[in-house]
Amino acid sequence: MFCKTRIILACAFALLLFNGTGFAQADTSGIYGERKDSLDAAVYTGKRAGNYLSKTKDLRVEVISTEGLQKMACCNVAESFENSASVTVGYSDAVTGARQIKLLGLSGVYTQMLDESRPVMRGLASPFGLTYMPGQWLESIQIAKGAASVVGGVESITGQINMEHRKPTDEKPFFLSLTGMSDTRVSGDIASSLQLNDKLSTVILGHVDKNFKSFDMNADGFMDDPMVQQFNLANRWLYYHPHFQLRVGVNAVWDKRNGGMPGYDRNTYQSGQPWGSDIGNRLFGAYLKLGIPLREDQSSSIALVADYTWQDMDAAYGRATYLAKQQSAFMNLIWRNKVNEYHDFTIGAMGRWDRYDENLYRPVALGIDDYSGITDLLDMGLYGEYTFHLEEKFTAIAGASVNWYGKADGVRVSPRVTLKYRPWDALVLRLNGGRGIRAAAPLTDNIGVFSTGKLWEGAFNHHLLEDAWTWGGNATFYLPIGADPDNAYISFDYFRTQFTQQLIVDYEHTLNVIEFYNSSGTPSYTNTFQADFAVEPFERFTINLTARYTDAKVYLEGQGLVERPMTPRFKGVLNLQYKTHLSKWIFDFTAALNGSCRAYNFMNIEGGRTPVYPMLYAQITRRFKGIDVYLGAENLTGFHQKDVIIGIPESANFDASAVWGPPMGLRVNAGIRVTIWKTY
Amino acid sequence: MKKIIVALILALSAISLTAAPAVPANNATVQKQDKKKKVQTVTFKTSIHCKNCVKKINDNIPFEKGVKDLKISLDEKLVTITYDPSKTDEEKLAKALEKLGYTAVKQES
């Protein structure tokens with residue numbers, strides 16, 4: 001067996017080193033050893049629910065396990081959130097196919113996306129990043145609400161979503177997944193984890209995604225989904241040495257998507273011809289993680305994380321073009337020292353540099369939006385975090401990060417605090433709060449603005465530093481009911497985010513104009529309340545029920561404090577799973593009820609609110625030795641948004657970005673997963 | 001909205017009430033099976049050490065000929081297999097675990 005002792009040591013080391021509040025800490029364990037959920041695994045269960053709330057994390061963390069990722073034919077990570085009530089996933093517009101998530105009632109750009117502790121899907125990658133992360137590459141996703149550890153930087157405002165990949169040390173030399181959908185979309189994934197010797201291992205990951213035909217189920221002349229071709233490749237390495245661990249990796253994405261009306265050609269387009277979008281994205285990334293123990297008992301250690309990303313977006317929307325390049329470099333140096341069983345602290349230094357090279361030319365009915373320029377964004381800081389543990393009963397974490405954001409924005413201090421109290425085994429209480437700061441990418445954060453004929457005005461080319469405070473708490477009661485009381489609980493959350501500075505994208509101030517402005521000094525806020533219930537009433541049958549209520553207000557010029565538009569007030573999700581003996585057959589059913597949103601005033605919807613609508617999903621999986629075969633269906637009721645296109649292309653009121661529901665109806669999928677395990 | 005909240009509360013209550021109390025269902029099930037199908041149970045002390053080991057065993061051992069039930073305790077490193085003795089035996093099951101890369105020492109009950 002591949003170096004088991006070393007893997008165990010690495011796991012233990014990783015846990016000792018990074019068992020703190022958030023992913024920034026926990027994830028860095030990836031530098032040193034095995035997976036971050038090892039802590040849960042150590043308490044064993046032979047089975048694990050698809051989605052569950054972690055008992056051990058200091059933050060409120062929902063885990064989507066491998067089983068959860070397989071509940072649907074998740075071609076990419078965006079689709080894996082369909083099961084989760086913490087995260088809402090929708091479309092940015094009816095043209096590009098860009099997926100957008102919402103956490104705590106706010107856009108996904110306020111959620112820090114992490115790839116095993118490294119911030120990813122930033123800037124130009126944010127609109128399509130979720131579709132660049134194949135679900136089959138992942139072994140779990142953790143969704144943390146609230147202000148996470150300062151160790152990962154302070155870009156997270158509403159929370160963090162961390163994605164754990166298949167590991168080089170996985171004993172799976174071959175994995176293949178093929179999925180076909182009734183809308184002619186096919187996707188394929190391949191993964192190979194190879195242990196070359198007892199020190200060196202690697203994992204190679206490949207993904208391809210393509211649809212062969214487009215559909216227009218709502219008969220509005222626009223394709224429901226763009227024609228997409230995507231290739232995605234990654235290679236990760238681990239070198240283990242008793243005195244250090246080194247992880248390096250590279251990844252590349254090539255993505256081409258044509259949306260809008262069939263027949264659009266960016267090279268020959270003239271007014272009156274079929275209008276559409278033609279977007280090409282290329283991305284290359286490389287990273288390095290080095291971990292060095294400073295003491296034999298591994299109570300002190302130093303780690304270095306370095307990351308570089310280059311991306312290129314070449315987009316045309318009708319007559320408009322947006323050509324943009326982004327280079328990003330990130331470095332984080334972390335020193336952790338465990339003083340004794342009660343006290344430990346972490347000190348670190350981090351730096352980030354982003355260079356945007358943008359070229360925009362956008363003629364619309366009311367004028368021309370034109371911009372060309374290079375913007376350099378800096379974020380350099382020092383941080384420290386102190387943790388007090390009182391066995392498993394109480395944890396208090398206090399941290400602060402002092403960052404310099406360049407000459408214009410100066411120095412900002414971001415404090416963060418987390419408290420976790422477990423008075424007895426069946427009750428976990430958490431409190432959490434802190435400040436988050438991020439630089440906006442006005443156009444790619446709001447990619448839907450391209451799918452309109454409206455004139456842009458204001459700060460659409462300014463990377464405003466957005467600043468917010470988030471605080472809240474969670475109480476989870478474990479219930480002595482069902483076949484598996486460890487996974488039977490009822491949980492309540494409350495979180496509030498209050499912006500001190502936010503880039504507002506206002507569709508409503510002036511007719512046929514989208515205004516970008518700074519909300520500084522206005523009282524925009526979001527409150528979210530959520531209740532989760534999970535139980536296994538009898539063996540192998542699990543029930544997860546979640547209800548969420550969102551009270552989101554935004555201060556808009558001319559209107560004052562109003563309900564944030566296009567933000568569902570509530571959502572409910574019911575997930576049922578039944579497995580036959582030895583899990584040879586698995587039946588999954590998910591029902592989601594999506595609440596209404598305040599519609600934009602130009603949408604002219606009766607009552608000013610979008611309707612409540614259901615989404616139903618079902619999947620049957622048959623497991624054989626090394627092979628899973630599944631058949632599933634999405635949107636069983638066939639509900640889809642009508643009138644998603646407002647106005648006609650090139651007109652001043654044209655808008656294809658007011659999307660609140662699914663653009664397509666029922667879809668059926670079938671697929672196969674083949675896994676060959678290493679044998680001896 | 002009120003109706004939806006009431007419906008959710010009712011659904012929660014109904015589920016809570018119908019949820020069975022925590023009983024050692026596994027043992028009861030195995031005993032029933034033992035009587036009904038004349039199956040046997042064997043427990044191995046193994047070298048499993050992480051969640052991935054559990055997954056590897058869960059993905060492979062159920063598909064060994066004659067295996068009727070499987071329980072794994074990561075804390076105790078124990079793998080308990082219920083099997084049909086007319087189709088397999090302890091030696092074959094131990095070999096199946098060893099083939100996956102784990103030691104397998106039979107525990108006397």
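**Reading a predicted model, step by step**

Tutor: Let's start with one pair of residues: Gln142(A) has Asn162(A), in S9(A), as its bridge partner. Keep in mind that this is a predicted model.

Student: What makes strand S8 and strand S9 of chain A a pair?

Tutor: Pairing needs at least two bridges. Strand S8 (residues 138-145) and strand S9 (residues 159-165) of chain A have 7 bridges, so they count as a pair under that rule. The two strands run antiparallel.

Student: Which order do the strands take in the open sheet of chain A that has 6 strands?

Tutor: The order is S1-S2-S8-S9-S6-S7, and the pairing in this sheet is mixed.

Student: Why do strand S1 and strand S7 of chain A stand at the edges?

Tutor: Strand S1 (51-53) and strand S7 (118-120) of chain A each have a single partner strand, so one side of each lacks a neighbour in the sheet. From one strand to the next, the twist averages 25°.

Student: Why is Asp58(A) called buried?

Tutor: The cut-off is 20 or more other C-beta atoms within 10 Å. Asp58(A) has 25, so the residue is classed as buried. Asp58(A) sits in the loop between S1 and strand S2 (60-64) of chain A. Its C-alpha is 7.3 Å from that of Thr418(A), although the two residues are 360 apart in sequence.

Student: How do you know that the radius of gyration of chain A agrees with a compact globule?

Tutor: For 680 residues, a compact globule would have a radius near 26 Å; chain A has 24 Å, which agrees. Of the 680 residues in chain A, 54% are buried. The C-alpha atoms of the chain fill a box of roughly 70 × 60 × 45 Å along the principal axes.

Student: Which residues have the most contacts inside the largest nonpolar core?

Tutor: They are Val77(A), Ala94(A), Ile141(A), Phe222(A), Tyr322(A) and Ala534(A), in a core of 116 residues. Strand S16 (residues 300-317) of chain A gives the largest share of this core, 6 residues. As for Val77(A), the residues it touches include Leu130(A), Leu138(A), Ile141(A) and Met163(A). Another core lies apart from the largest one; it has 23 residues, among them Phe44(B), Ile48(B), Ile61(B) and Leu93(B).

Student: What makes helix H3 of chain B mostly covered?

Tutor: Helix H3 (residues 51-60) of chain B has 10 residues, and 8 of them are buried. Lys51(B), Cys53(B), Val54(B) and Ile57(B) are among the buried ones.

Student: Which strands of chain B are called edge strands?

Tutor: In chain B, an open sheet of 4 strands has the order S2-S3-S1-S4, with antiparallel pairing. Strand S2 (67-73) and strand S4 (104-107) each pair on one side only, and they are the edge strands. Further in, strand S1 (residues 40-46) and strand S3 (residues 78-83) of chain B pair over 6 bridges in the antiparallel sense. Within that pairing, Val42(B) stands opposite Ile81(B).

Student: Where in chain A does pLDDT stay under 50?

Tutor: That happens over residues 1-46 of chain A. Where pLDDT is low, the predicted coordinates should not be read in detail. For chain A as a whole, the mean pLDDT is 90, and 93% of its residues reach 70 or more.

Note on methods
Residues numbered from 1 in each chain as written. Chains lettered and ligands numbered in written order. Predicted model: local features only at pLDDT ≥ 70, side-chain atom pairs only at ≥ 80, totals over all residues. Rg over C-alpha atoms; globule rule 2.2 N^0.38 Å. Buried ≥ 20, exposed ≤ 12 C-beta atoms within 10 Å, placed from the backbone. Axes fitted to C-alpha atoms, helices over the stretch in contact; angles between N-to-C directions. pLDDT = per-residue confidence, 0-100. Contact = placed C-beta atoms within 7 Å. Core = buried A, V, L, I, M, F, W, Y, C linked by C-beta atoms within 7 Å. Lists of a residue's contacts leave out its neighbours within four places in sequence.
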